[in-house]
Amino acid sequence: MQRTPDVNVSRMFNRIARTYDLLNHILSAGIDRRWRRKAIRMLGIEKGNLVLDCSAGTGDMSLCAFEANPHVKLVLVDPAEAMLINADSKASNIPPRQFHLVRGVAEGLPFADASFDCFMVAFGIRNFDDLDYGLSELARILKPGGRGVILEFTPDRSRLIDRIFRWYMNTILIKVGNLISRDDEAYNYLARTITNFLPSDSLLKVFASIGLTCRKNIALSFGIAHLFVLEK
Ligand SMILES: C[S@@+](CC[C@H](N)C(=O)[O-])C[C@H]1O[C@@H](n2cnc3c(N)ncnc32)[C@H](O)[C@@H]1O
């Protein structure tokens with residue numbers, strides 16, 4: 001069953017699309033680029049692979065995948081049209097036959113079973129309206145033996161790092177984010193979802209329940225984020 005995008009969340013991402021990249025790189029001090037490159041390396045894309053970039057946003061994962069493998073075919077899915085428009089404008093060096101944009105949500109992907117070689121989701125799963133359903137859709141569209149990577153903030157940090165991280169989220173990120181994006185609540189939402197998401201143990205149980213084997217579970221930058229490398 002295909003679902004229509006959750007209007008509130010996608011509206012919010014539409015509102016902040018203009019400043020999203022700038023804030024992403026400032027607020028993460030550029031570390032997100034390193035995390036993305038590592039995720040793409042671990043995904044091990046092969047020549048001609050069809051790769052789904054779910055919750056693609058402004059397309060940074062896809063651009064990184066193309067840089068690593070110029071023969072990749074990319075399908076970007078996201079409910080926020082303004083984010084996808086930005087992705088499109090950043091992808092002028094990718095041949096159009098290798099780059100497709102689809103407006104939609106993870107919960108009800110408009111693709112056939114076992115049609116993709118790989119999927120990737122960077123900082124997207126915590127926005128899913130229905131996490132189990134969204135993840136099971138990713139498993140469904142993956143070919144047997146296909147691979148997936150998920151990058152996400154999880155609360156598996158040491159107490160000290162967690163305290164510093166929460167302080168940073170609840171003061172700097174919210175203030176700077178709302179100020180630059182000129183939005184009163186977008187970065188409150190982001191800070192809330194980032195600090196309150198599930199621990200990796202719970203995510204591992206969901207992956208196993210939908211037929212995805214977790215080959216690697218890597219803590220990034222003192223456990224601030226996690227990279228899950230999955231296989232069907
Ligand atoms: C924090 S951004 C991450 C964007 C990009 N992957 C990146 O790494 O910069 C989260 C994205 O998830 C998208 N999103 C929200 N709800 C979604 C859903 N139910 N299914 C798929 N994507 C969703 C948002 O529109 C937004 O672009």
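The lining of the second largest pocket has two nonpolar, one polar and eight charged residues, where Asp, Glu, Lys and Arg count as charged, Ala, Val, Leu, Ile, Met, Phe, Trp, Tyr, Cys and Pro as nonpolar, and the others, Gly among them, as polar. The model is predicted, so that local features need pLDDT of at least 70 and side-chain atom pairs count only at pLDDT 80 or more, while totals for chains, interfaces and linings use all residues. Residues are numbered from 1 along each chain as its sequence is written, and side-chain values use heavy atoms, with hydrogens and water left out.

Among the residues that line this pocket are D21, R33 and E67. A pocket here is an open set of points on a 1 Å grid over the protein atoms alone, where a 1.4 Å probe fits, with protein on both sides within 12 Å along at least five of seven lines, and lining residues have an atom within 4 Å of a point.

| Helix | Residues |
|---|---|
| α1 | 7-27 |
| α2 | 31-43 |
| α3 | 60-68 |

Helix α3 also holds S62, which counts as buried because its relative accessibility is 0%, buried being under 20% with a 1.4 Å probe and protein chains only. Leaving out residues up to four places away in sequence, S62 touches D53, L74, L76 and M120, a contact being heavy atoms within 4.5 Å.

Technical notes
Helix = DSSP H or I, 4+ residues; strand = E, 2+ residues; numbered from the N terminus. Buried < 20%, exposed > 50% of the residue type's maximum accessible area, 1.4 Å probe, protein only.
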